Structures are given as structure tokens and as C-alpha cells.
Amino acid sequence: MTTVKPVALHPVIAEVTDRIIERSKDLRAEFMARADRFKADEPRRKKLSCANYAHVVAASTPDEKLQAALDAVPNIGIVTAYNDMLSAHQPYHDYPEKIRTMARKFGATSQVAGGVPAMCDGVTQGRPGMELSLFSRDVIAMGTAIALSHDAFDAGLMLGICDKIVPGLVMGALSFAHLPIIFVPSGPMGSGLPNPEKAKVRTLYALGQVGRDALLAAEMASYHSAGTCTFYGTANSNQMLMEMMGLHVPGAAFVHPGTPLRDALTQAAVERAAKTAENSKNPSRLADVIDARAIVNGVIGLMATGGSTNHALHLPAMARAAGVILTWEDMDKISSVVPLLARVYPNGSADVNHFHAAGGMAFVIKELLNAGLMHPDVQTIWGQGMADYAKEPVLDGNTVVWREAPDTSLDENILRPVSNPFSPEGGLREIKGNLGVAVAKVSAVKPEHQVVEAPCVVFDDQDDFLAAFKAKQLPDGDFICVVRFQGPKANGMPELHSLTPSLSSILDAGHKVALVSDGRMSGASGKVPAVIHLTPEAVDGGPIAKLKTGDLLRVDCQKGTIDFLGDATEFSQRTDADRPKEADGMGRELFAHMRRAVGPADQGGAVFW
């Protein structure tokens, strides 16, 4: 099989990276100075007073207490997002004990440093609890930092997979970037009802053509066992990012839970944490793994695989926590030269299991490296360079070994080489115009649907749109649906995924339709063109607050523009729409202080950096 070849980095990737490094120079210097300041050459617990130290080991076994007293024995802190309501996180129930046993094999101890909340966006879609979703990322970041604040750990293992959870763990861990930190996934559930069939039933239900019993049966057949949901939403995009940024054991992303290979990969993570702990002979710091080049590699992976639009929020926030300033313009520039290599639902009919079987992340990384489309020479948790991530793990008896990724895709309907991509450009675009700046995911949108010029219909709440749809009060023709007051300062920026089946049915009926919002869609956003994360948001007086039903708008995802086409003078003289009366929303009530402090969407909508 062909190995990774040394090739020159694509000039646009090099240019964008250099621009990010220059822009971030001062912030990154502050970040690295902090990481250097906290560096230690002896076990961190040796700096604790006797009373502090006694608290650390009070509940440990006598053997563990004896081990912990030895300078050479690393203590691995576990931060877990376990709960047994999230199918993706249910397998983590047994991980702390497994890791404890594995750590002993490698002369280490381990402790659960803390747990962080892990809400399921699939449960809270369209519900008041979704108002807490984006804010939960910053709570997780704070919870991770609190868990590691005991200064008793020489390395860290992060147990998390879904939506806001992985970005929150990354952001929190970066406050302790003097430590080696490894992310440990649990893998996807097996394939269930094909995603296009599930989507069809959802659309039929939205049209009133099937009942709730048929809808529930389809959903239960789709989400049916332990493991990550199998569509390519934010959770699986997170796993792709952890591979692209060198934070996983190579090839760990998409191996099923409860399998011997999954256990072997977890053991490899524990062994690596023990060997690279701060008090080891070969220490490795998170600060040296996540730099501008690793962030750029993450963006490249997002574009090459058609990943979640949510990462237009998460990547800038994660980058900022590492002292790196990433913009949507950077992401758009990268997207212009990175080809789309994968079609996984909602961008195609396959799920992540099919993607993994066709060659998966190892194939994608090998293709990108051999085309000069990603940084090859970064530091990873596994060592120097990304070449190891162009290999796939297999078992040799009970031992995990890595072999070269296949030279060719095993299914070009799902996964293609750089020489024959699904599209010459990536899946995400920056959209600019006289209404502000936004992003759009185009990888799932057919070219003929990417440009819409039509009157808009304005709503201040997604429920108002759904009520109008059910009452057949929407225009019988082309239109652009505007849903505003959905930004992070307004109501926490809940996902608007519940709009997808209704808008899809309008598209299927032969009408041109698009969504424009200062809110966000799910990572599963699909075939309807959606211009989202529009900033400034309505509550901050953004132009979207001046729109009225009937205004002519033009959305052009090919040119990357969004514009009001009416009289500019008359538009400028309009007053902003009144903010909707506060509803009984969980996010609005519980996180009012965070809404006031939150940053704009193009900076990740983050509170804690």
C-alpha cells in the first residue's frame, strides 16, 4: 500500500495559517506563557501540603496510596461526561474501572477528577431545554477546569463525544494545557433504519400523511442501541475533529462500543497517558498539540467531510481558548481549496459506519496529506506528525496494531479520493451582505437550490412558523423563511432543526425556499439552503430586526451573499422590531447572566475563554 509522501503544503493553506499565526501572536504568547508557568518536573501532588494530599488519596486502596506516594507513578485524572440517557455516553459507565485496571498495567494510578453535564440535543430539539444547549458548552468548559483544578494529576483522559460536550472539554482542558490530555471515544451504534427513510417519515408526518405511531416506530428503529447516533451531525464531526487535531489514539473515532478493538484502543490511550504524563521521561503537553496548525487541520477535516455547521461556532471558541484567533473568513478560504471527499447523511444516504467501512478517517487523512492539503508535521498525542493517523487499527490476537489505509475507497458513493471529489470545494461557506455575516452548509444542498430570490416571511419564534405551516398560511410559491431573535444573547441560540421536515416538504413540492436566521441549525441540517448564525443578531439591533414579511431577499450560497433588495434608504429608516415577550424558557430564566456576557456568533458565542 502507498504510504504518506512528503509534499509541499498548498499555498492557500499556508497563507491562511500564517495569517492566523500573525493575528494570534500576542494572545498565543499569553497562552503559552501560562502553560510554561504551570509546568512541573515532579508529580503535581508533591506540591500539595500533607493535608491536601491526604484528601486526594483518602478513598484510595492501600496499594494505590502506596503507589501515589512514589514520584515515578503518574496519576491520571479522568473527566467524564457519562450519563445513561445519552446513547453515545452510556458505554462510559464502566470506563473508570476499566481505566483503573489498565493504568495499573502501565505503572500508573487513575481517579475520576470530575463529571460534567451532557445534555442530549436529540431530546431537547424544539423544547425549552434547547435554550441551554450552547451555554452547556461553557458550563462543561468550566466544569472540566474545576475537575482538573485539584493539581493532583499528571495527565488527563477526557470521556465525551456529543455536540457541545467535546468542544467544552477541549476549552476547559486548555486551561490546564501544561498536562498531556487524550480524548477517549466510545464509538457509534450499529446501523439502524437508513437515514433517508427516517427523513422521509419525518416529512410525511409534518404533512399529516402518517401518524405519530409511524413516526415513533421510525425513530426507534434509527436510534436503537448504545453508541453515537449514526448520521454525520455534530457528535460524529467532533470525533472527526479529534482525529484531525491529533487528540485521539489513531483510528479511534468510529469503532463500535463493547468490542475487543474498542477496549484495545482505550487501553492504548491509557498507556499513552501513562507514558507521556508530566512526570514521565517523555512528557507531552496539550499546549504543544493544539496550535494554529492543528486548528487549521480541524477546519480542513470539517470541509473535506461535510461536517456540522455547529463547528462554525465551536472551532473559533476552541481556538480562542488555545490563544488562536480563527475567523469565518479563514474557514471560507480553506473551504475554497479543500475538496469534499465524503457523502454521509445528511449529505448522502450512508451513515458513519458505512463511511468507516469504506476507508474512514485514515483514508481521508492519507488523501489530504498526499495532496498537501493539511499540515503533516504537527505534534499529536501519539507523537510527531499526522502520518500515524493515515493508518487504521486492527487486532493481532489481543494486541492492537496499525496498518496502512487502503489506497482506494471501497465505495466511491460514500468516500472519494482528492483526484475525484464530490465537489472541488468544501462543505461550508461564509455568507456576507447588507444583512450581516453568516455561514451556510452547502455540501447537502443541490446546486439548483443554492440561489433563492424571493419575498421573505418573518417569524420571531420557530413555533410560529410551524403553526403557520400546519394552518397552510405560508405562501404558495417561492419564499425565504426568516426566523429571528434566536441568537445567543436572545435565548441561548437553540437549534432550529425542527424546521427541517416542513421546509424540506416545501422544497419537495417544487418551490424554492431558504432559511435565514440569527439562530443555528442542527449538525444534521440538510437539503434546504440555510443561512444561519447571522450576526449582528436581532436583539443587538442587527439588520434582520428591521425585516418585514414581503421584503425581497436574495440568498446566493454560490457567491456567498445575502442581501435585502428593497429601498436601502427606506430600510435604514425603519425601527427595529420589538424583542418578543420573554417566554417561560429554561435558558432565558437560568442563564440570563450568561446571555448578557455571551460573545457574538462569529467569535463562537462563548462566555468562558
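**A walk through the model**

Modeller: Let's start inside: 10 of the 11 residues of helix H15 (residues 311-321) are buried, so H15 is largely enclosed by the rest of the structure. Buried means under 20% relative accessible area, exposed over 50%, and partly exposed in between (1.4 Å probe, protein chains only). Helices (H or I, at least four residues) and strands (E, at least two) are DSSP runs, numbered from the N terminus. This is a predicted model, where local features need pLDDT of at least 70, side-chain atom pairs count only at pLDDT 80 or more, and totals for chains, interfaces and linings use all residues. Residues are numbered from 1 along each chain as its sequence is written, and side-chain values use heavy atoms, with hydrogens and water left out.

Biologist: Which glycine just after H15 takes a positive phi?

Modeller: H15 has buried residues that include His311, Leu313 and Ala321. Just past that helix, a phi of about 75 degrees belongs to glycine 323.

Biologist: What percentage of the residues of the protein count as buried?

Modeller: The C-alpha trace spans about 75 × 55 × 55 Å along its principal axes. Of the 609 residues, the buried ones make up 59%.

Biologist: At roughly what angle do the axes of H7 and H8 cross?

Modeller: Axes are lines fitted to C-alpha atoms, for helices over the stretch in contact, and angles run from 0 to 180 degrees between N-to-C directions. Helix H7 (residues 133-148) and helix H8 (residues 165-173) have axes that come within 7 Å, and they cross at roughly 45 degrees.

Biologist: And how are H11 and H14 placed relative to each other: parallel, antiparallel, perpendicular or oblique?

Modeller: Helix H11 (residues 234-244) and helix H14 (residues 292-305) pack at about 135 degrees, with axes 8 Å apart. Angles under 35 degrees count as roughly parallel, over 145 as roughly antiparallel, 65 to 115 as roughly perpendicular and the rest as oblique. H11 and H14 are therefore oblique.
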